Amino acid sequence: SSSSASPLYSPVSFCGIPVGAFQNKLPELSLDNMIAGQGASAGEEFRNSFVQEVHLKFLLTGLLSGLPLPPFAIRMCPPLTTKNIKQYEPILAVGTSNGSVLVFHLTSGLLHKELSIHSCEVKGIEWISLTGFISFATSTPNNLGLVRNELQLVDLPTGRSIAFRGERGNDEPAIEMIKVSHLKQYLAVVFKDKPLEIWDVRTCTLLREMSKFPIATALEWSPSHNLKSLRKKQLAAREAMARQTVAPDTEVSSVESSVISLLQEAESKSELSQNISAREHFVFTGADGQVYHLTVEGNSVKDSARIPPDGSMGSITCIAWKGDILVLGDVDGNLNFWDLKARVSRGIPTHRSWVKKIRFAPGKGNQKLLAMYNDGAEIWDSKEVQMVSSLRSGRNVNFRILDVDWCTSDKVVLASDDGCIRVLDLSMKPSCFRMDEQDLIEPVWCPYLLVPRASLGLKAFLLHQPWDEKYSLDIMDIDYPENENIKNLLQEQLNSLSNDIKKLLLDPDFTLLQRCLLVSRLYGDESELHFWTIAAHYLHSLCQEKAAKAGTAVLQEQLVNPLDICYDILCENSYFQKFQLERVNLQEVKRSTYDHTRKCADQLLLLGQTDRAVQLLLETSSENAHYYCDSLKACLVTTVTSSGPSQSTIKLVATNMIANGKLAEGVQLLCLIDKAADACRYLQTYGEWNRAAWLAKVRLSSEECADVLRRWVDHLCSPQVNQKSKAILVLLSLGCFTKVAEMLHSMRYFDRAALFVEACLKYGAFEVNDDTNILFLKSSLLAKISLKLLGFKEGAVLFASKAGETGKELLSELKQPKEEVTQE
């Protein structure tokens with residue numbers, strides 16, 4: 001920032017201290033601080049300096065897209081294998097109701113791509129590779145129950161999409177599901193009231209419309225195929241060809257073996273690029289529950305076997321197949337586990353109504369099964385045929401599940417009607433995501449990712465500079481006896497700071513108070529943030545008060561840059577009084593009921609605004625039950641005098657009212673006769689400490705107010721209450737800096753105490769005498785010990801040198817060779 005900066009965007013203060021035109025500063029996160037003149041009670045100066053009207057605008061600097069409104073259809077990309085480990089990215093495709101498909105990167109949690117593909121709600125997605133998928137959407141039915149089906153083949157890197165079924169799709173029964181074969185060669189399209197279709201994914205051609213078969217209610221592809229045997233046959237044929245071309249059988253040379261090995265390598269890498277059409281199988285069920293087993297090879301689809309329906313099952317709704325285990329789910333909530341190798345089946349009634357979807361977990365030998373119902377989901381172990389975990393809407397969760405899938409072999413992903421997508425472990429309980437497992441797009445400042453010792457060490461490194469009048473953000477520049485991994489993690493955190501913050505931390509003009517406040521913000525330490533904000537404000541006010549020659553100049557300075565009103569009772573008295581008057585005036589404008597009016601009148605009486613309070617009391621309607629009392633109170637307020645007899649009477653009445661439980665009314669009467677100090681004592685006696693502090697701030701002189709607040713501090717420090725942190729903030733507002741340092745020391749906040757004492761000495765808040773020297777020496781010594789434990793030798797030496805005679809012994813210990821210190 002410079003002197004030519006816009007007057008609108010010129011912070012009055014940074015980190016609690018007013019800044020000059022050329023001083024480095026970082027705009028704070030509050031609009032009140034970012035806009036010059038805001039919070040200033042003497043706003044005339046601001047208006048006179050800049051007569052031109054200012055229009056505030058919000059500028060869009062970034063956009064983080066979230067999920068649209070449900071419903072969702074989700075599908076995880078193909079699982080991680082040894083073959084795709086270099087190309088694999090854990091991405092999830094989410095189909096939405098507006099026809100777009102959102103692709104999320106699950107380890108970063110960020111939106112990878114948003115593709116506008118369909119013109120109606122996306123119903124399902126199937127991946128055909130790590131970089132491509134097929135999605136389908138259906139429009140709302142017409143009068144005949146027919147819809148427009150959209151089936152799109154999408155290439156993820158380019159975003160290119162083509163209509164998979166060409167011109168087909170208008171005015172036909174809705175697509176119920178699509179299923180891609182295990183080798184991603186074939187696609188089965190299942191319709192609501194129409195025979196299923198088998199398509200070749202590689203050529204986008206229709207292989208067969210299964211018109212001779214009943215309408216499918218469920219379908220699944222077999223994981224078995226003959227690709228390996230086809231490759232062996234092709235390799236054997238090529239080897240024989242190579243032997244004939246290279247040399248006669250009697251002259252087998254090294255050339256032959258090398259050619260054969262090259263052919264084998266090429267064959268292993270070719271995968272399906274040679275247009276090998278492997279034979280694959282699928283099963284589907286009709287409305288009567290009969291299971292049909294069919295084979296697809298090349299352009300032919302053959303009927304292999306038919307299995308009669310199981311009488312214990314209802315209409316089959318979904319099928320899952322992995323290895324030798326085939327699982328069927330029906331409309332009645334039954335799961336039927338078929339062991340194809342042992343030729344046995346076992347039916348399990350789940351009593352969960354319609355089984356909407358079942359999927360096996362990825363991974364060789366992993367037989368976990370995810371089942372989705374109308375009212376939740378379950379995970380089953382198909383080997384043991386027993387349930388692992390369960391999730392039920394209305395019982396252990398308050399959302400309804402819309403879709404499910406496996407994202408890894410031990411984690412599931414759920415889409416729910418509250419607009420969220422959740423990743424859960426096998427227990428299916430709400431869980432937090434480990435930040436150190438997250439694949440971050442760029443380095444993120446978060447010291448809490450470090451181990452506690454390293455995090456505290458990083459804080460000490462930022463706070464206690466300079467070690468030798470030199471500022472640095474390189475952890476390697478100092479003697480820090482930690483292992484290289486910890487040092488590298490600390491350096492990564494330092495490097496992740498923004499350039500603006502780095503510039504501030506390296507600025508020699510950046511004061512100690514500002515540094516402490518900035519570090520507390522970086523660490524998100526609320527206690528330190530409040531402490532250093534109030535300390536910086538009142539230490540700077542004290543410094544300017546000493547420098548000012550006239551009292552009016554001090555008042556004007558305090559008004560121009562008051563403490564933020566969010567600190568309420570800790571603000572300066574004059575600013576607090578002004579704010580309370582503005583507040584009650586605002587409430588008065590908004591009043592609409594008698595109770596509201598009465599509260600405003602009571603508040604005005606406490607603030608000493610008797611004329612306006614009388615006007616409000618006289619507004620009471622004659623039909624109101626309080627009309628007589630309010631009229632008498634208006635007369636009393638108007639006629640009250642400062643004569644001795646009347647004051648004695650009113651005080652006696654007020655005392656009797658307080659003794660008989662009418663505390664608020666008694667306090668009002670005492671304020672009428674300017675006995676606010678007595679009113680505060682009564683409030684404190686009856687435990688109304690906050691109300692007493694408020695009244696003291698608005699009605700008493702500075703000295704009397706300080707007495708009331710000191711009694712409050714004693715109360716906060718009592719063993720029964722034990723709110724010493726709050727007491728410290730009150731003492732800061734009173735300017736009792738020595739007492740604050742002593743309390744910090746007694747609370748064992750040695751680092752904060754040492755830094756605070758040092759700041760007070762720089763601002764002249766302490767008189768340099770034996771007591772303050774002892775306090776500083778103690779704090780420095782204990783802060784040194786703390787730094788030594790964290791491994792910061794330079795910081796420990798710095799504080800030991802400030803600890804006078806007491807620190808000499810420890811200083812000599814620190815200067816011993818490193819080996820001796822390590823031995824100790």
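1. A disulfide is taken here to be a pair of cysteine sulfur atoms within 2.5 Å, and in this predicted model the count under that rule comes to zero disulfides. For C680, the closest cysteine sulfur is that of C671, and because the two sulfur atoms are 7.3 Å apart they are too far from each other for a bond.

2. A second topic for a reader new to the structure is strand β17, which covers residues 291–297, and of whose seven residues five are buried, so that the strand is largely enclosed by the rest of the structure.

3. On one hand, β17 pairs with strand β16, made up of residues 280–285, and the two run antiparallel and are joined by six bridges. Within this pairing, E280 has V296 of β17 as its bridge partner. The two strands form a hairpin in which five residues lie between them, and in the turn G289 has a positive phi of about 90 degrees.

4. On the other hand, β17 also pairs with strand β18, which spans residues 300–307, again in an antiparallel arrangement, with seven bridges joining the two. One of the residues involved is T295, whose bridge partner in β18 is K302. Here too a hairpin is formed, with two residues between β17 and β18, and G298 in the turn has a positive phi of about 65 degrees.

5. A further point concerns an open sheet formed by three strands, which follow one another in the order β27-β28-β29 and pair in the antiparallel sense. The edges of this sheet are taken by β27 (401–408) and β29 (421–425), and because each of them has a single partner strand, one side of each is left without a neighbour in the sheet. From one strand to the next, the twist averages 25 degrees.

6. Strand β28, which consists of residues 411–416, is paired with β29 in the antiparallel sense over five bridges, and for V412 the bridge partner in β29 is L424.

Terms used
Residues numbered from 1 in each chain as written. Predicted model: local features only at pLDDT ≥ 70, side-chain atom pairs only at ≥ 80, totals over all residues. Heavy atoms only, no water. Buried < 20%, exposed > 50% of the residue type's maximum accessible area, 1.4 Å probe, protein only. Helix = DSSP H or I, 4+ residues; strand = E, 2+ residues; numbered from the N terminus. Pairing = 2+ DSSP bridges. Axes fitted to C-alpha atoms, helices over the stretch in contact; angles between N-to-C directions.
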